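This briefing sets out the fold of a single protein chain, by topic. Please read it alongside the sequence and coordinates displayed below.

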Amino acid sequence: MDGDRIMSDAPPTGLDKAETHSKDRLGGSDTVVQEPSKENIKLEDLFDGDEEDEEISSSSMSNGAVPKSSPPASPPQIAPSAKYSDPGVMLAFYQRLFPFRYLFQWLNHSIKPSNDFGHREFAFTLQNDAYLRYQSFPTSDLLRKDILRLNPSRFEIGPVYTANPRDRKTLRKSTAFRALAKELVFDIDLTDYDEIRTCCDKANICHKCWSFITMAIKVVDVALRDDFGFQHILWVYSGRRGAHAWISDKRARTMDDQRRRAIAGYLEVIKGGAQSGKKVNVKRPLHPHLARSLDILREHFQKDVLVDQDPWAKPEKAERLLQLLPDKTLNDALRKKWDSAPGRSSLSKWADIDALAKAGASKNLDRKALLEAKQDIVLEYTYPRLDVEVSKKLNHLLKSPFVVHPGTGRVCVPIDIQRVEKFDPLGVPTVTALLHEIDAWEPQNKEPESEAGSKRIQEYEKTSLKPYVEHFRDHVGVLLKAEQGVKRERDDDDPMEF
């Protein structure tokens, strides 16, 4: 799971109003290293900036208007040689570019503060690798203030609880504190493709192997929409070698673990580790989801797998292909042909299967079994390899959109499903590049004097982060409208009786 491994704890260094835990992302008991002190929240803080929380309308989407966010009085200056791991770089990013307002509306499902946000858990990984769990905030401004105070290297999002996560130890009954809701999430990581990708391995990626993520997104997205009826799906680049899906439909958010496991199981086809044998064992006739997936994946298999990856170029890899075919006599004929032509490409070897079968290399060949075996091979080399454990638990924490990946400096930006094949993970801006873009923009584009009613140019609009923030803004706008519709339907179904 890219970037979502367990971070080792370090001793607290002068932190207050937080607690440090040695715990994984799945909740449960925790070892408290430092007890939190209560934060006094003033009434004006609770509604700080609410007059700016204008609801996202279709007109604002079209003209690019963005709700205002209080700019820092004096943004920190970033040296040209600064690296993305520098704390000053992260602080400048949070102050100037992170879309706190949209993140709040996305998680709150409304422009007005509610328990959907106030009872939501956040977990911070600090610069010294201390891991702070069960942080919560009534408003986006208070979240922003604490992030600017703590300056985490990243933060994760957890579930909405029955009570404020900060108050969980004051409850008389431990059962009174439990997870109520969280987005259904999926995680796809290229390290799970290491046994079939030949261009890269481990944390390394290139455009060739990123095609596996593109295939996975296309297959999973259409299944979630067509088979389960979900509409509010946000795909997010993990910052290095993978992608996350966040499903915000109310029906998805309120699913219990059993239903989450069922959906994860529905989408899981590749089973077994690198040393296991046949990894695809599906019933015939194929389930409509698998038949549809094959239609999506066949074209990718020809170019992205056979040509770009050339997975069976080496004799030992070609032997793996033969193990997946059902006829021993045909296999012997193929092996003989390939041994006599060293360096034969995977594309040619794949064509050889049908050519020798038609030529009668095996008199007792079961053509139906051969067809099914070839379908299973296509699925094994193209079907999404999901980290299903991420999806099964309501209380699992996952890295927030728009945080900076600590290993690459790239921002975890949304992926537009309509342009998924054009998404370039290596072209995603780094945090240092974005800050330099602001510095380069300002001398050449002097902002006009602020007039009454006019909106100032947001910092992100001066950078290559702009299309990603706008995509997120539009996604949030659609979600808010849908949530209003759900509330109206609920009110209509349960009218007050006099």
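**Sheet, core and helix packing**

In this predicted model, four strands form an open sheet in the order S5-S7-S6-S9, and their pairing is antiparallel. The edge strands are S5 (184–189) and S9 (414–415), each of which pairs on one side only.

**Sheet and its covering helix**

- Strands of a sheet pair through backbone hydrogen bonds, in either a parallel or an antiparallel arrangement.
- S5 and strand S7 (residues 242–247) are paired in the antiparallel sense over 6 bridges.
- Leu 184 has Ile 247, in S7, as its bridge partner.
- Helix H7 lies across S5, S7, S9 and strand S6 (233–237), and runs at about 165° to S6.

**Chain as a whole**

- The chain contains 17 helices and 9 strands.
- Of its 498 residues, 51% are buried.
- When contacts between residues at least 6 apart in sequence are considered, 70% of them join residues at least 24 apart.

**Nonpolar cores**

- In soluble globular proteins, nonpolar side chains tend to be buried together.
- The largest nonpolar core has 119 residues, and the members that touch the most others are Phe 93, Trp 106 and Phe 124.
- Helix H7 (residues 207–226) supplies the largest share of this core, with 11 residues.
- Apart from this core lies another of 6 residues, including Tyr 161, Ala 163, Phe 177 and Ala 179.
- Leaving aside residues up to four places away in sequence, Phe 124 touches Ala 130, Tyr 131, Leu 132, Gln 135, Phe 137, Leu 143, Asp 146, Ile 147, Leu 150, Pro 152, Arg 154 and Phe 155.

**Helix H16**

- Helix H16 (residues 431–444) has 14 residues and, at 1.5 Å a residue, should span 20 Å; its end C-alpha atoms are 21 Å apart, which agrees with that expectation.
- The buried residues of H16 are Val 431, Thr 432, Leu 434, Leu 435, Ile 438 and Trp 441.
- Helix H3 (87–96) is included in what covers the buried residues of H16.

Key
Residues are numbered from 1 along each chain as its sequence is written. This is a predicted model: local features need pLDDT of at least 70, side-chain atom pairs count only at pLDDT 80 or more; totals for chains, interfaces and linings use all residues. Side-chain values use heavy atoms; hydrogens and water are left out. A nonpolar core is a set of buried Ala, Val, Leu, Ile, Met, Phe, Trp, Tyr and Cys residues joined through side-chain atoms within 4.5 Å. Buried means under 20% relative accessible area, exposed over 50%, partly exposed in between (1.4 Å probe, protein chains only). Helices (H or I, at least four residues) and strands (E, at least two) are DSSP runs, numbered from the N terminus. Contact means heavy atoms within 4.5 Å. The expected span of a helix is 1.5 Å times one less than its number of residues. Two strands pair if DSSP finds at least two bridges between them. Axes are lines fitted to C-alpha atoms, for helices over the stretch in contact, and angles run from 0 to 180 degrees between N-to-C directions.
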